[in-house]
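Here are my notes on the model you sent over.

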Number of protein chains: 2
Amino acid sequence: MIERRFDPTTREWRTFATHRQDRTFLPAADHCPLCPTRDPSSPGEVPASSYDLVVFENRFPALVADPPTPPLPSTPLYPVEPARGATEVVLYSDDHDASLAQLGTDHIRRLVDVWADRYRVLGSRDEVAYVFVFENRGEVIGVTLEHPHGQVYAYPEIPPRPRAELEAGMAHLRRHGTCVFCDVVARERADGLRLVTQNDAFLAFVPFAARFPYEVHLIAHRHATSLLDLTDPERHALAELLETVLRGFDALFGFPLPYVMSMHQAPTDDGPWLEVSHLHLEFTPVHRTATKLKYLAGSEIGAGAFINDMTPEASAGRLRAAVLGAR
Amino acid sequence: MIERRFDPTTREWRTFATHRQDRTFLPAADHCPLCPTRDPSSPGEVPASSYDLVVFENRFPALVADPPTPPLPSTPLYPVEPARGATEVVLYSDDHDASLAQLGTDHIRRLVDVWADRYRVLGSRDEVAYVFVFENRGEVIGVTLEHPHGQVYAYPEIPPRPRAELEAGMAHLRRHGTCVFCDVVARERADGLRLVTQNDAFLAFVPFAARFPYEVHLIAHRHATSLLDLTDPERHALAELLETVLRGFDALFGFPLPYVMSMHQAPTDDGPWLEVSHLHLEFTPVHRTATKLKYLAGSEIGAGAFINDMTPEASAGRLRAAVLGAR
């Protein structure tokens with residue numbers, strides 16, 4: 001069963017995909033389905049003996065191009081829809097033990113191009129309203145396959161968190177006549193207090209009201225609405241800054257820092273969103289110290305209210321030092 | 001440092017409390033600060049040799065009645081406020097190893113009275129807009145003290161998730177003239193498909209568009225806006241149903257099921273909320289099987305879009321069986 005259901009008490013769509021209950025769960029490294037196929041008699045997901053970057057549809061998809069009709073009827077109180085969209089896997093490297101930070105700027109630049117391509121291709125589909133590039137990294141995040149990879153989900157509507165951002169952006173635009181992210185960029189560059197690192201086109205900083213202790217946002221200096229809106233040198237600058245930040249993350253506590261990476265770009269439907277869509281990547285690591293995690297519990301899950309044990313200024317200082325040390 | 005900061009990109013308030021970084025973390029059972037004080041030379045939080053139920057202010061508070069002035073200036077882009085409000089701890093029992101389910105209906109009934117009392121007392125404070133009763137249970141939820149306890153947070157504004165519910169309720173009210181929760185109650189009682197258990201005054205069911213595999217909501221049959229709106233028999237009925245559900249949870253996989261419990265009641269400021277406030281308790285256990293957890297990762301944290309591997313109808317069936325078996 002795969003279908004989407006609407007929650008009338010929050011006005012959010014939720015996705016149900018029961019076959020995912022049986023998805024591959026932390027296989028041994030020599031049975032990794034994302035590694036290249038070295039023995040043709042037991043092929044993995046990629047039928048090649050080596051590869052650079054690979055994209056394919058998730059074998060346990062939550063959203064698909066041609067979904068089945070849901071068994072339950074849709075009613076006014078409880079709307080039901082087929083699970084239209086896409087869930088893709090992006091393999092970063094054929095090296096099972098690689099980490100994105102170590103693959104080099106040129107490799108990361110090719111990954112940026114792959115992301116831009118998937119945004120374009122999936123976003124051009126009629127039923128897709130929002131393309132969401134993300135990465136779950138580390139077992140504590142719930143990763144079920146260790147091989148370095150990210151994902152791309154294409155949703156049939158703008159999901160709740162990007163929607164909240166776009167609506168906040170609209171309110172700010174009406175009141176001040178500016179993009180709120182452009183204002184944030186100007187303020188962070190002027191203040192410097194929460195800056196982690198920057199180059200000609202991108203900025204990495206800890207947000208003023210960060211949810212997680214070591215949350216870092218990467219954002220374009222100028223009002224670029226998506227990866228497709230970037231020039232060639234800007235794509236390179238993004239790859240370069242990504243590499244710097246990722247090396248800093250891994251140097252922070254001396255181990256590959258688990259995180260969720262979420263990319264927010266313009267919706268791909270025809271809404272009035274371009275003025276308030278400002279490309280940024282949100283890294284939300286869950287560690288609050290080398291040995292303690294920031295859990296989402298009552299205040300976050302039940303009330304949506306984040307409590308953070310660290311000031312963004314203190315986190316930014318530690319991250320700046322980690323970035324410098326990793327150079 | 002303790003202060004509140006506004007995120008202009010989502011219009012959410014976040015709370016910063018740096019002293020919480022050093023809070024007591026999983027002490028050995030014989031050093032539990034929540035146990036009664038048996039040796040007066042090393043007193044715990046409760047200066048008594050035994051107790052029934054106890055409420056006190058969190059020793060590592062995130063919100064307080066008389067907060068310090070924040071060091072950073074408040075600006076139009078980045079508003080800052082003192083961390084006004086309250087964060088209280090509710091000890092369920094003086095028995096370190098007790099679980100709420102085993103304490104008996106009368107004990108749970110007294111806990112319901114304590115919750116109602118804290119809602120009344122904290123809600124009557126001028127600076128408090130929303131009183132949030134919750135419980136984090138189990139180490140996988142991030143609990144730092146094992147002793148059975150819940151918490152009450154009093155926020156100076158309506159936090160994001162209750163606000164989303166109230167706004168969805170307002171939209172439903174304008175369109176249909178009814179409380180959306182009243183409509184949900186009627187539908188769940190008629191359908192029976194997602195029902196876990198019910199009595200004269202309360203209903204426990206798996207929501208139609210549940211976020212978590214074994215999510216269960218307890219809700220009043222009638223439009224009660226808060227615990228204070230309940231009659232005496234209704235408070236008893238809530239205690240009884242809570243006991244039944246908690247026993248079912250513990251029977252489901254044969255171990256005390258970790259969960260977040262979140263209670264949603266009417267805001268305590270003067271907004272137009274009573275018509276759309278319908279008392280309910282949301283239990284969100286994180287297990288999707290006896291050995292696997294539902295993690296919040298990219299789709300949930302970055303997009304706010306929940307993917308659930310189980311149908312609510314299947315979960316409800318298993319929970320009904322667990323509840324019956326635990327009787």
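1. Let's start with helix H1 of chain B, whose buried residues pack against S3, strand S5 (86-91), S6, strand S7 (149-155) and H4 of chain B. The buried residues in H1(B) are Ile108(B), Leu111(B), Val114(B), Trp115(B), Tyr119(B) and Leu122(B). Looking down the axis of H1(B), these buried residues fall within an arc of 135°, so they line one face of the helix. The arc is that of the directions from the helix axis to the C-beta atoms. Buried here means that 20 or more other C-beta atoms lie within 10 Å of the residue's own, exposed means 12 or fewer, and partly exposed is in between, with C-beta atoms placed from the backbone.

2. A word on where this comes from: it is a predicted model, in which local features need pLDDT of at least 70 and side-chain atom pairs count only at pLDDT 80 or more, while totals for chains, interfaces and linings use all residues. Residues are numbered from 1 along each chain as its sequence is written, and chains are lettered from A and ligands numbered from 1 in the order in which they are written.

3. H1(B) spans residues 105-123, which is 19 residues, and reaches 26 Å from its first C-alpha to its last, close to the 27 Å expected at 1.5 Å a residue. That expected span is 1.5 Å times one less than the number of residues. Helices (H or I, at least four residues) and strands (E, at least two) are DSSP runs, numbered from the N terminus.

4. Next, the sheet in chain B. Nine strands form an open sheet in the order S3-S5-S7-S6-S11-S12-S10-S9-S8, with antiparallel pairing. Its edge strands are S3 (54-57) and S8 (195-198) of chain B, each pairing on one side only. From one strand to the next, the twist averages 20°. Two strands pair if DSSP finds at least two bridges between them.

5. Some pairings in that sheet are worth a look. Five bridges join S6 (residues 130-137) of chain B to the antiparallel S11 (residues 259-264) of chain B, and Arg137(B) has Tyr259(B) as its bridge partner in S11(B). Helix H6 (residues 312-325) of chain B packs on the sheet, touching S8, S9 (202-205) and S10 (216-220) of chain B, and its direction makes about 35° with that of S8(B). Axes are lines fitted to C-alpha atoms, for helices over the stretch in contact, and angles run from 0 to 180 degrees between N-to-C directions.

6. How well covered is S10(B)? Five of its five residues are buried. Val216(B), Leu218(B) and Ala220(B) lie on one side, with His217(B) and Ile219(B) on the other. In a regular strand the side chains alternate between the two faces of the sheet. Four bridges join S9(B) to S10(B), which run antiparallel, and Phe205(B) is partnered with His217(B). S10(B) is also joined to S12 (residues 280-285) of chain B by four bridges, again antiparallel, with His280(B) as the partner of Ile219(B).

7. Please also look at Thr244(B), which lies in helix H4 (residues 232-252) of chain B. Thr244(B) is buried, with 23 other C-beta atoms within 10 Å. Not counting residues up to four places away in sequence, Thr244(B) touches Thr197(B) and Val323(B); contact means C-beta atoms, placed from the backbone, within 7 Å. The C-alpha atoms of Thr244(B) and Ala326(B) are separated by 8.1 Å, although the two are 82 residues apart along the chain.

8. Which strands make up the sheet with mixed pairing? This open sheet of four strands has the order S13(A)-S2(B)-S1(B)-S4(B). S13 (307-308) of chain A and S4 (80-82) of chain B are the edge strands. Three bridges join S1 (residues 2-7) of chain B to S4(B), which run antiparallel, and Glu3(B) stands opposite Pro82(B).

9. Finally, H6 of chain A. Its buried residues are Pro312(A), Ser315(A), Ala316(A), Leu319(A), Ala322(A) and Val323(A). They cover an arc of only 125° around the axis, which puts them on the same side of H6(A). The face turned away from that buried side carries the exposed residues Leu324(A) and Gly325(A). Covering the buried residues of H6(A) are elements including S8, S9, S10 and H4 of chain A.

Note on methods: Two residues are in contact if their C-beta atoms, placed from the backbone, lie within 7 Å.
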